[in-house]
Amino acid sequence: MSQKPWIESTFTKRECVYILPVSKDPHRCLPGCQICQQLVRCCCGRLVRQHVGFTASLATKYSDVKLGENPNLPAVEEWSVEKHTEASPCDAYGVINFQGGSHSYRAKYVRLSHDSRPESILRLMLKEWQMELPKILISVHGGVQNFELHPRIKQVVGKGLIKAAVTTGAWILTGGVNTGVAKHVGDALKEHCSRSSKKICTIGIAPWGVIENRNDLLGRDIIAPYQTLLNPLSKLNVLNNLHSHFLLVDDGTVGKYGAEVNLRRELEKHINLQRIHARIGQGVPVVAVIFEGGPNVILTVLEYLQESPPVPVVVCEGTGRAADILAYVHKQTEEGGRLPDGVETDIIATIKKTFNFSQSDAIHLFQTLMECMKSKELITVFHISSEEHQDIDVAILRALLQGTNATAFDQLVLTLAWDRVDIAKNHVFVYGQQLLVSSLEQAMLDALVMDRVDFVKLLIENGVSMHRFLTISRLEELYNTKQPSNNPTLLHLVRDIKQSHLPPNYKITLIDVGLVIEYLMGGTYRCNYTRKRFRIIYNNLHGSNRRSGRHTAGPGSHLRKSHESFSMQADKKEKTRHNHFIKTAQPYKPKLESTVEQNKKRSKEEIVDIDDPETRRFPYPFNELLVWAVLMKRQKMSLFFWQHGEENMAKALVACKLCRSMGYEAKKSDVVDDTSEELKEYSNEFGTLAVDLLEQSFRQDETMAMKLLTYELKNWSNSTCLKLAVSSHLRPFVAHTCTQMLLSDMWMGRLNMRKNSW
């Protein structure tokens, strides 16, 4: 595997190689004294004997240092990671297989040095571990020791946190060990796992030195069985088995926390710089969530608030200790960061009692709290028992919107990336927010590309005009949206119709799309995108050298010319056949216009005012968007556009035919997957809609329903609903009473049915 050498060459472990005993008492043992080796601890937390490569020479060196006979010996230096540890290639990574539970959980892990570069860690996560970049980073902080949570609080907080992660595609960062806040997050995940198969990326960042049974994890690219049963006498902790990934931070110490703090912060900062989505320039927002916690948590909150840019903090009131003190101070702090009289002494007394602090330490922590309150607007307190009950996921997302100090458009973009239309509706589209039309149109384009149907609906409700929005260039951009690499149907169709190999970054034009539509619709169907009038506008839009009428020969121009001549002949044929059909369907239609009038009309049609911006727009934008959604295989979006705009029966039949033809093409191709079955289902869905619509129309007005069947559809190649249904092989439609009555009328209509009429 390619990742083996990369992980080993990129990440390192740290081992203490110089013994500095914690005890300062001089002793006169002989070098290699067994008792000292078993009892004396080095500053790194290991016993003397536990050091890697412990030899007699190292023992001698240790004894020499500690012999107190020579007064000229320099004072023993302080132990530090840089001086007294040695880096060597990472020797522990792979998959942990958690044992000892009713369900077997697995997680990926790596042991890495405390000074590992965040760029490398992110690459490991995205490339080697195949994780998706998050839309939000939720960093959970709180008590490391076990603490009790009221069942109601635990349920509300856990459920909300999981909902925030699932709905927005967030990563949750915790301490990773099976105690304190990380254990509570694990319990919430356990409940989620039992109800849903959707995996949440929960990353535990824990110090390598505090992990029980860590020797079981040694090995390169292994599946390591790991026992989660904790030895009651041990001061170490086991990993929480419900996390999906672990970063085990090694600074050469054992049994000490703190190695992971800096690495976690640097990683959060680096993820914050990544773009949230290919279409959006916004970085991945980070939010800190505080449960319970000791005095260090208050210092962590201050660090987050003083970051550049600052990180918003959500404090869960009712979880205890630091969280409750923060919530109380937040509530009491007035404008300008002042406290009411007498409150200060109460807070200091609470700090002394909660953390068992001296007066001076309590005052110092109080000052830290007041520093935090200078950025009070960045702190959101989540009241679990408040009357205006809102979930913690809403509190987290609101904190991010308010805390980032973003414009209304940026806030809209964030909610779009999270796919949380409820947040956009309640917190972005509110009275007083100013959103420019251009911003809303940009958001609409993003929503269409990202396939967010609810957002498209919300934006239309909030004033986006689809007629104004949909221009030729925008529609072309939508057709060039990147499709899943395993299924680029539209590109394959363009390649088949052009009968030539397409370059890797080929840009699909609307002319190409027109040819694809004609090919899929079959018969003599003529798409507007291939008509002369549209091509004049299109060519004028793409390059000034075409304005004079000299058309540059593009890569598919010969094919287009031959196709055009064929299409023009087909168009004439279509007209004669169609007129004959209409004559039979409507016997009392007035006679056709004279040839002079027709010629006048034709000359009028060919004069196109290319400078008029209206020519670059579409008269019926929902028709164009329906066809786009169908060709891109976005069924939910297709159904939404079918509901909007005109000619719903025709649109349903066109979508039915397109899906049917695409399914047939998919079946013919070499790709073995469920695409053809999926498209067949889509086709049936639109077919059912068309039949239901005909049934509804027939019940209301029989004559009008029959007219609907033979009405000439100007926007759909002058076809009729009946013709579209026949070409789609939509038997229930043709078998419907209304269609059968019409056909009987057309067949028998001119015959005199009276008896004895001969």
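**Helix 29 and helix 32.** I looked up this pair in the predicted model first. Helix 29 (residues 702–710) packs on helix 32 (residues 737–748) at about 80°, and their axes lie 10 Å apart. Helix 29 and helix 32 are therefore roughly perpendicular (65 to 115 degrees; under 35 is roughly parallel, over 145 roughly antiparallel, the rest oblique). Axes are lines fitted to C-alpha atoms, for helices over the stretch in contact, and angles run from 0 to 180 degrees between N-to-C directions. Helices (H or I, at least four residues) and strands (E, at least two) are DSSP runs numbered from the N terminus.

I listed the contact (heavy atoms within 4.5 Å). Helix 29 brings Glu702, Ala705, Met706, Leu709 and Thr710, and helix 32 brings Cys738, Thr739, Met741 and Leu742. By class, I have six nonpolar, two polar and one charged residues. Ala, Val, Leu, Ile, Met, Phe, Trp, Tyr, Cys and Pro count as nonpolar, Asp, Glu, Lys and Arg as charged, and the others, Gly among them, as polar.

**Ground rules.** I number residues from 1 along each chain as its sequence is written. Local features need pLDDT of at least 70, side-chain atom pairs count only at pLDDT 80 or more, totals for chains, interfaces and linings use all residues, and side-chain values use heavy atoms, with hydrogens and water left out.

**Helix 15 and helix 17.** I checked a second pair. The axes of helix 15 (residues 421–428) and helix 17 (residues 453–461) come within 9 Å and cross at roughly 25°. That makes helix 15 roughly parallel to helix 17. Val421, Ala424 and Lys425 of helix 15 meet Asp454, Phe455 and Leu458 of helix 17. I find four nonpolar, no polar and two charged residues in this contact.

I traced an open sheet of 10 strands in the order 8-3-4-9-7-6-5-12-13-14, with mixed pairing. Strands pair if DSSP finds at least two bridges between them. Strand 8 (219–227) and strand 14 (379–383) are the edges, each pairing on one side only. The twist averages 25° from one strand to the next. Strand 3 (residues 92–99) and strand 4 (residues 106–113) pair in the antiparallel sense over five bridges. Val95 has Lys108 in strand 4 as its bridge partner.

Helix 8 lies across several strands, among them strand 4, strand 6 (171–174) and strand 9 (245–250), and runs at about 155° to strand 5.
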